[in-house]
Amino acid sequence: MTRAFLIVMDSVGIGGAPDADRFFNDGVPDTGANTVGHIAEACVAGRAEDGRSGMLRVPNLDALGLGEAVRLASGLRPPGLGAVPRGLWGAATEISKGKDTPSGHWELAGVPVPWDWHYFTEKTGSFPPDLVAEVARAAGTEGILGNCHAPGTAIIERLGEEHMRTGWPICYTSADSVFQIAAHEETFGLERLLTLCREVAPRLHAMKVGRVIARPFIGQPGAFTRTPNRRDFAIAPPAPTLLDWAVSAGRVTHAIGKIGDIFSHRGVTHLHKGKGDRDLMEHLVRLGEEAEDGSLTFANFVEFDSLYGHRRDISGYARALEWFDLAAGRFLSRLGPGDLAIFTADHGNDPSWTGTDHTRERVPVLCYAPGSGARGLGQVGFSDVAASVAAHLGLRSEGPGRTFL
């Protein structure tokens, strides 16, 4: 049996991106950001004691080479991550010009982004008047709320009551190339929100805005909560990706989490969703037993990024890493000869860093392939991940990457 599992630990960067000085958080360059390294240091220093304690404990990922990958990427020796690797390990560098979700995932799938993304740079009055008018028309309202940079939970708390009273959608953005629309599932309607996002997405995509994101929430003023019915309407990749290569060759593909949305549902045979990363992990563990011979499983675990990185919650990020590591052990125990699992990331989001944006970092490449032994892969490219998965599955690689297997 020959199967491949490509697992993206969203935002689990390892520092050292050579162009980090060209990317910023609140005007501060990302030079020196290191998601895993700084979390490990904070744990040892007693600065990550909320819901956990002591040094960072990720023995399964460390055994695959996580600690050595951090050292390779950035020169930092993360405390508590000193295992002698038993897998294939390396550090990957991105060439796409964004530090966002589509850029990282597309390049991991063999397609570097050939354009510059459009960003809404103004903190207030972020959107041009004609775009505001178009969104209001599509929503059937006289206007929109927000029109600014904001964290999603904060803007819902601030404007949720007015949204329920007026019916106007809450529109906001961030340092990413995104246009986000929040609306109450009951008073505004989930299907109405999804239809609105779907209708305005082509206009935003033509501007090279990467994603229009539906952000539904429920509750009452003072007690609003976002629901798991988020939906990303992403611009389509500019060329066939690893998922397309597999489907074109007659292979089955499984997309776990937001992979389907990121790739505009191209090349996806089966989609597996859930209320959170714990549900998604159960899909991954199950597919470790059930996935078909020759199949590709592509998974994204987003909560490192969405719940802890952007919120600069070091303890929460450490807890998530430790939970994921334990669960990854369950998944790996299901694999056998002929299987390949690659754990990697799409960018960084150092919770110790200034600002709230992603951080430009290299990412780990940790490979588990029963019977393949242990060795360092050195510095590789994001696209090399796609080429390596393709080589393992016997697919023709159509991207610029080269296999490291």
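Start by selecting Arg192 and Phe188. The charged end of Arg192 sits over the ring of Phe188, at 3.9 Å from the ring centre. Keep in mind that this is a predicted model.

Next, select Lys208 and Trp115. Here the charged end of Lys208 lies over the ring of Trp115. The distance to the ring centre is 4.9 Å.

**Rings against rings**

Now turn to the aromatic side chains. How many aromatic pairs does a search of the whole structure find? It finds 15. Pick Phe217 and Phe224 from among them. These two form an edge-to-face pair, 5.2 Å from centre to centre. Their planes stand at 80° to each other. Both Phe217 and Phe224 are buried.

Move on to Phe331 and Phe343. The ring centres are 6.4 Å apart and the planes meet at 75°, so this pair is edge-to-face. Colour by secondary structure here. Phe331 belongs to helix α12, residues 314–332, and Phe343 to strand β14, residues 339–344. The pair therefore ties together parts that are 12 residues apart in sequence. Phe331 and Phe343 are both buried.

Keep those two selected and widen the view. Ring pairs link Phe331 and Phe343 into a cluster with Phe5, Phe301, Phe304, Tyr317, Trp323 and Phe324.

**Cysteines**

Select the cysteines next. How many disulfides does a search of the whole structure find? The search finds zero. Go to Cys171. Its nearest cysteine sulfur belongs to Cys197 and is 8.3 Å away. Cys171 has a relative accessible area of 0% and is buried. Then find Cys43. Cys43 is buried too, at 2% relative accessibility.

Switch to the backbone and select Asn147. Asn147 is not a glycine, yet its phi is positive, about 55°. Look for Asn147 in strand β5, which covers residues 145–149. Is Asn147 buried or exposed? Asn147 has a relative accessible area of 18%. Buried means under 20%, so Asn147 counts as buried.

Finish at His265. Where is His265 found? Look in the loop between α9 (259–262) and β12 (270–272). His265 also has a positive phi, about 60°, although it is not a glycine. Show the surface around this residue. His265 counts as partly exposed, at 33% relative accessibility.

Technical notes
Residues numbered from 1 in each chain as written. Predicted model: local features only at pLDDT ≥ 70, side-chain atom pairs only at ≥ 80, totals over all residues. Heavy atoms only, no water. Phe/Tyr/Trp six-rings, centres within 6.5 Å; stacked < 30°, edge-to-face > 60°. Buried < 20%, exposed > 50% of the residue type's maximum accessible area, 1.4 Å probe, protein only. Helix = DSSP H or I, 4+ residues; strand = E, 2+ residues; numbered from the N terminus. Lys NZ or Arg CZ within 6 Å of the ring centre and 35° of its normal. Disulfide = S-S within 2.5 Å.
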